Amino acid sequence: MAVAAAGFLVLLSLVALLAPLLTPYDPNATDFGSAFAGFSVDHWLGADQLGRDTLSRLIEGTQIAVIAGIEAITVAVLVGVPIGLIAGYAGGITDRILMRLVDVFLSLPGMLVALAIIAALGPGLVTAMFAVGMLFAIRIARLVRGSVLSTREELYVTAAQLSGAPSWWVMLRYVLPNVAIPLLVEVALYFGVALLIEAMLSFLGVGVQPPQATWGVMLSEARTYFYQQPLLAIVPGVMITLTVLAFNLVADGLASAVNPTSARPKPKAIATETDTGTVESVEAAAPDAVLSVRNLRVSLPGDHGPVPVLRGVSLDVCRGEVVGLVGESGSGKSMTSLASMGLLPSGAHVAGSIRCDGTELVGAPERAWRGVRGKKIAMVFQEPGKALDPSMTVGHQLSETVRMHRRVGRSAARAESIKLLARVGVPEPERRMKDYPHQFSGGMAQRVVIAIALACEPEILIADEPTTALDVTTQAQVLDLLIDLKDDLGVGILFITHDLGVVADICDRAAVMYAGEVVETASVDDLFADPQHPYTKALLTATPDDDADLSRLPTIPGQVPRPETLGAGCAFAGRCPVAIDTCHTSAPPFVQIDEGRQVRCVLADPASQVIPEKETV
Ligand code: SF4
């Protein structure tokens, strides 16, 4: 049905385009001898009360209807899309203000608003369709905002932000194309409605004015003579019905083809606030640290107030080293990486310190973050398939990043992109530049993501579980690649993982996280040889080695507590086999027990108790 409807609309467009050539008579030429004529050879669709040829007037009306629809849709798209795009992408106060204005317009009856605009600007086709376009713009703004809220959470949009691209570029290049499909469906629907409203306004005498022929004017004039010649009303009536029906069928067809329901709006975002807070006394930042996080605290808005998801995280990453950030799901690893890139969800409250090359970023304007993302710190995500834009070739995505950051021409960017693909081990890089992400295997796609991250020549690479979605063989290859890059390019890597085996393989130092806190930091050798925190010991015990009896895998009893349920004591107390009374009532200090080695446990605090020689977990 949708195909037949689309065919009808194509025919309608051709009729509108060729109207002057197709009309057998002048649409306004009167011939009283033919007044009220029925179907005949001279007048195929009859003639009206003035003997004007109905077919000619219908064809002229088709042209006017199509022009009217185009005008209304153009106004709607030009006004509605930017409003929705900015509101959805910016979020916070901008979103709230724009959406409240939209709500005010939506609360008014549409036809009343249209008539008010026409009354202010005067009757006529241009004014009427401008009014209709403004009505549609409000609805399109809401639709686009909803789609943007969904699209901006996609990893490839985050990846584009991380590359340091300005917001307007990310909006136009990465967000807008992906809201185009639901927008297209809506536009098809509104085109039909625009024709209907144009006919209605003309029928009421506030749209196109007689003697110009439109379907609405024809209907309006026909009502007086309905009993003399019903065809005068039936012909434009059938035309309006068929056209609106065709637009609806095409919109339905598009909707079912692309399933736009996936673009439902998400709950409204809340503005991000930051403050630097008071930095807890922790080990001083390493002098050569590129990324230095100190006492980082992050709260997210919850149903019953702020929920603390990071509670004093401190870590350093220097060039040429791999720092593992390890812990169970929900321990705050990914939140730490997002905070380090300034990509926390809207409404997050941030305190503490994040320094990159000595520049404080907590509380810094977006411009400062853009100077860091991509250029100083780049990110590699867990799922390469989602980190790449499916609508563009990898060559295009890579070249764009190179051009943006290195300010080079197209051919230089292309040459550099081929080099980068070759550097990360993509075979036949020149040929593969033309391929789309779905044509790459998981491992190859992850290499492309790494190449894009390297395009900005960052000093630090944050790799957020980059091998989790890959098979074991591919995992090993990607890990080897990261180590090569560290050795060859000297980049520092913050490697986020829940896999202690990977930490042992590739990391120089490690920070163990639990319930939003770093509970132990140490060199990897020390951590594995002599773990100090009971949670670290439990993690190591739960990691099967080659000799383990795999029929019964060791686990850590209990679960990571939800942040909103945390009390005053140690977050691990409920699962800790060596907990003492103090653990349940007061938070353990972060104690430095050696150079580069800290533990958050009362048992490690020399002031409270000596660390037992041996504990079983
Ligand atoms: S502070 Fe107490 S509960 Fe927490 S890890 Fe140390 S011993 Fe266990």
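Predicted model: local features only at pLDDT ≥ 70, side-chain atom pairs only at ≥ 80, totals over all residues.
Visitor: How far apart in space are cysteine 570 and valine 602, C-alpha to C-alpha?
Guide: Cysteine 570 lies in the loop between α21 (534-541) and α22 (581-585). Leaving aside neighbours within four places in sequence, cysteine 570 is in contact with Cys583, Ser586 and Pro588. In sequence, cysteine 570 and valine 602 are 32 residues apart, while in space their C-alpha atoms are separated by 8.8 Å.

Visitor: How many helices and strands are there in the protein chain?
Guide: Let's take in the whole chain. Of its 617 residues, 51% count as buried. Among contacts between residues at least 6 apart in sequence, 68% join residues at least 24 apart. As for helices and strands, the protein chain has 22 helices and 13 strands.

Visitor: Which element gives the largest share of the nonpolar patch?
Guide: This surface patch, of about 600 Å², is made by Val10, Leu14, Leu17, Leu18, Leu21 and Leu22. Two elements give two or more residues to the patch: α1 (2-17) and α2 (19-22). The largest share is three residues, and it comes from α1.

Visitor: Is leucine 14 buried or partly exposed?
Guide: Leucine 14 is found in helix α1 and is one of the residues of the nonpolar patch. Its relative accessible area is 44%. Buried would mean under 20% and exposed over 50%. Leucine 14 falls in between, so the word for it is partly exposed.

Visitor: How many residues apart are arginine 311 and glutamate 517?
Guide: A search of the whole structure finds 26 salt bridges, and one joins the side chains of arginine 311 and glutamate 517 at 3.1 Å, N to O. Arginine 311 sits in strand β3 (residues 305-318) and glutamate 517 in strand β11 (residues 517-523). The pair links distant parts of the chain, the separation being 206 residues.

Visitor: Why does the pair of glutamate 465 and lysine 333 tie together parts that are apart in sequence?
Guide: The side chains of these two residues meet in a salt bridge (4.0 Å, N to O). Glutamate 465 lies in the loop between β8 (460-464) and α18 (472-489), whereas lysine 333 is in helix α11 (residues 333-340), so the parts tied together are 132 residues apart in sequence. Both partners are buried: glutamate 465 and lysine 333.

Visitor: Is arginine 373 buried or exposed?
Guide: The side chain of arginine 373 meets that of glutamate 366 in a salt bridge (2.7 Å, N to O). Glutamate 366 counts as partly exposed, at 36% relative accessibility. For arginine 373 the relative accessibility is 3%, and this residue counts as buried.

Visitor: Which residues does serine 399 touch, not counting residues up to four places away in sequence?
Guide: Serine 399 has its place in helix α14 (residues 394-406). With a relative accessible area of 13%, serine 399 is buried. The residues it touches are Ala413, Arg414, Ser417 and Met433.

Visitor: How far apart in space are glutamate 430 and arginine 414, C-alpha to C-alpha?
Guide: Glutamate 430 belongs to helix α16 (residues 429-432) and is partly exposed, with a relative accessible area of 49%. Not counting residues up to four places away in sequence, glutamate 430 touches Arg414 and Ile418. Glutamate 430 and arginine 414 are 16 residues apart in sequence, and their C-alpha distance is 9.1 Å.

Conventions
Residues numbered from 1 in each chain as written. Heavy atoms only, no water. Helix = DSSP H or I, 4+ residues; strand = E, 2+ residues; numbered from the N terminus. Buried < 20%, exposed > 50% of the residue type's maximum accessible area, 1.4 Å probe, protein only. Contact = heavy atoms within 4.5 Å. Patch = residues over 30% accessible without salt bridge, like charges linked within 9 Å, V, L, I, M, F, W, Y side chains within 5 Å. Areas by Shrake-Rupley, 256 points an atom, 1.4 Å probe, with all protein chains shown as cover.
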